[in-house]
Amino acid sequence: MEECTLSFSVPKQLLSLYIQEDTSRVQDLRELGELSPHWDNLRKEVMTRYGGIISSYQETLTELDKITGHSFKPSCCKAQKSLEFVPINLHTQRMRVTYASYDIVTAGAPAAHFQGFKCGGLHRLLSRYEAEKKSFSTAYQCIYYSPEHTAKAQEVLGTVDLLQPLIVSLADQLLQAAQEHSSPGLQDALKNLSDKFDSRPPIYYFIIRFISTCRSHTHTHTHTHVPITAIVACRPDVLPPLSTGDWREQLHPLVTKLKDCVTEVVEKAKRAMTFVLLQEAACSLPQGFHLQQRRDVVFSQALATLACGFVMRLYAGMQDKGFLRQLHQVGLVAQFESLLSTYSEEIGMLEDMEVGIADLQKVVFQITEAQTDDLGDLEPLVRGRRDHFTVQVPLPRLVFQVLPEEIREGKPLRVFPVLFNVGINEQQTIAERFGDISLQERINQRNFEILEAYFKLLSEKVPTECLPCFQTQTDIKELLETLGQNVVTKKRKNVEILWIAGTICRRLNGIRFTSCKSAKDRTSMSVTLEQCALLRDEHQLSKDFFIRALDCMRR
């Protein structure tokens with residue numbers, strides 16, 4: 001059992017990225033231009049709200065930078081504001097048995113303990129918020145945008161940020177090839193430019209739809225029609241044949257026009273999407289900003305936990321070619337086992353955890369070559385913004401060189417987070433007799449479907465011999481069928497769900513996580529029981545010594 005340095009490293013990096021993203025959002029709002037008095041007042045109010053979040057996050061980051069000597073947050077500090085982004089009791093558990101090792105990452109359930117659970121957790125709060133926002137938007141003369149539309153607007157902003165430097169770089173390659181009179185180089189550059197434009201039209205049409213909506217709500221001239229026709233007119237694949245002479249001189253006016261077109265599209269798209277997000281933010285005052293902060297906190301805890309498990313699993317599987325093939329061709333399942341009850345404040349914790357684990361779908365990993373073998377240069381780096389994060393994992397040069405080419409080239413590596421919950425304490429007994437366990441049932445059913453879809457994808461791309469071998473060779477399809485039956489069966493404290501899900505995860509080369517409120521009592525009971533079961537099933541631990549081994553490990 002060991003502490004994980006990522007407990008503090010990942011939250012601090014995320015806080016810096018949150019501050020950077022919100023500061024950029026404030027700057028975009030300033031640059032919107034002249035707005036009607038109504039929208040200008042809302043803009044000022046939104047900017048003030050963002051300023052409050054930025055200030056709060058900067059204060060938290062300053063406090064975290066002061067901490068030295070600790071590498072995990074104990075449960076007694078779970079409601080401490082300065083530590084709310086840090087996971088509780090994040091530890092790695094490794095059991096070595098001769099040639100084999102078995103890993104589990106343990107942490108307290110990702111939840112906003114400082115903010116409390118009086119009104120529930122994220123899942124309930126977000127559902128209520130969306131319903132309230134519709135009526136709020138009508139009262140305050142703003143357009144209601146669904147979470148899907150808002151996410152799309154944020155995606156467009158991220159895309160157009162990358163578009164201009166990409167097109168400029170490719171256009172410069174085109175001119176360089178023209179200067180060298182290189183026909184193959186010219187054809188390659190033209191093809192690359194055409195491919196980029198062919199992949200972008202859906203984004204442009206999305207922008208147009210929003211611009212037409214926005215135009216009636218602002219007096220600024222910036223929200224006019226994006227010149228898609230101009231882009232088409234500049235398309236490199238319809239350039240005239242070049243005559244003899246100076247190719248660069250002939251192409252230069254067209255390339256200049258292309259760059260100007262792209263610049264105009266980028267500027268207008270950014271302003272249009274910023275106005276969309278202004279409307280969304282204006283319709284969400286004030287509870288929307290509080291919910292975003294809560295979601296940031298929960299996601300930070302979840303990501304630190306996932307990053308710890310991913311790095312541990314990566315190093316453990318470095319010599320396994322089947323595992324590495326699975327990693328870059330499909331990705332890894334990350335199975336979170338939760339032991340929270342569906343009673344009292346733990347309902348809110350589970351609602352927080354559900355959203356936090358689901359948000360991990362926005363994360364990809366990327367393996368890089370470390371500059372040196374010093375521990376500081378091997379620390380994972382988080383990049384991106386709220387709608388998409390990349391965790392870069394540097395490896396020592398000698399280790400990096402033996403990886404498959406696809407991984408060395410920086411291919412994004414996916415994870416498939418799944419969450420299964422079965423309450424096991426006395427509060428769950430109360431919930432099952434007198435309360436409501438529909439939250440647990442919905443979570444288990446939904447995540448079973450995700451796990452089943454992952455296995456289908458894996459079966460299509462990776463041969464079964466790439467998967468690990470176990471003594472108990474029950475067919476994975478059979479295990480999935482049994483799990484599917486259990487998640488719809490009405491049975492009190494059905495721990496079979498956790499047993500089967502954990503078994504499937506190990507059989508699929510996955511990453512195992514176990515959580516309860518603080519990752520102490522219930523978690524340690526579960527981990528030691530699983531370890532003893534592995535000793536019994538995989539390493540011939542006699543049934544006569546099972547209880548003795550279990551008691552020993554728990555002590």
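Trainee: In which helix does R507 lie, and what makes that stretch a helix?

Mentor: R507 belongs to helix α17, which spans residues 496–507. The name rests on DSSP: a helix is a run of H or I with at least four residues, a strand is a run of E with at least two, and both are numbered from the N terminus. This is a predicted model in which local features need pLDDT of at least 70 and side-chain atom pairs count only at pLDDT 80 or more, while totals for chains, interfaces and linings use all residues. Residues are numbered from 1 along each chain as its sequence is written, and side-chain values use heavy atoms, with hydrogens and water left out.

Trainee: Why is R507 called buried?

Mentor: A residue is buried under 20% relative accessible area, exposed over 50% and partly exposed in between, computed with a 1.4 Å probe on protein chains only. R507 has a relative accessible area of 7%, so it is buried.

Trainee: How many residues does the protein chain have, and what percentage of them counts as buried?

Mentor: The chain has 555 residues, and 54% of them count as buried. Its secondary structure consists of 19 helices and 9 strands.

Trainee: Is E432 buried or exposed, and with which residues is it in contact?

Mentor: E432, in helix α14 (residues 426–434), has a relative accessible area of 17% and is therefore buried. Contact means heavy atoms within 4.5 Å, and, with neighbours within four places in sequence left aside, E432 meets that rule with I437, R492 and K493. K493 is 61 residues from E432 along the chain, while their C-alpha atoms are separated by 8.4 Å.

Trainee: What makes R522 buried, and which residues does it contact?

Mentor: R522, placed in helix α18, has a relative accessible area of 15% and therefore counts as buried. Its contacts outside four places in sequence are L339, L340, S341, E346, I424, N425, C516 and K517. N425 is 97 residues from R522 along the chain, with 8.0 Å between their C-alpha atoms. Across the protein chain, among contacts between residues at least 6 apart in sequence, 80% join residues at least 24 apart.

Trainee: Why does T60 count as buried?

Mentor: T60, in helix α2 (residues 37–66), has 4% relative accessibility, so it counts as buried. Beyond its neighbours within four places in sequence, T60 contacts L15, K81, S82 and F85.

Trainee: How many disulfides are there, and how do you know that C308 is in none?

Mentor: A disulfide is a pair of cysteine sulfur atoms within 2.5 Å, and by this rule the count is 0. For C76, the nearest cysteine sulfur is that of C77, 3.9 Å away, and C76 is in no disulfide. For C308, the nearest cysteine sulfur belongs to C4 and is 3.0 Å away, which is not within the cut-off, so C308 is in no disulfide. C76 is exposed, with a relative accessible area of 68%, whereas C308 is buried at 4%.

Trainee: What is the phi of T98, and why point it out?

Mentor: Most residues other than glycine have a negative phi. The phi of T98 is near 45°, a positive value in a residue other than glycine. T98 sits in the loop between β2 (91–97) and β3 (100–106) and is exposed, because its relative accessible area is 73%. A519, also not a glycine, has a positive phi of about 60°. A519 lies in the loop between β9 (511–515) and α18 (521–539), and its relative accessible area of 13% makes it buried.

Trainee: What makes a set of grid points a pocket, and where does the largest pocket lie?

Mentor: On a 1 Å grid over the protein atoms alone, a pocket is an open set of points with protein on both sides within 12 Å along at least five of seven lines, whereas a cavity is a set where a 1.4 Å probe fits but cannot get out; lining residues have an atom within 4 Å of a point. The largest pocket is lined by 45 residues, with L126, P147, Q292, R295 and D359 nearest its centre. Helix α9 (residues 287–316) gives the largest share of that lining, 7 residues. Domain 1 (71–120 + 295–554) and domain 2 (147–236 + 246–283) both contribute lining residues, so the pocket lies between them; the domain bounds come from an automatic or database assignment.
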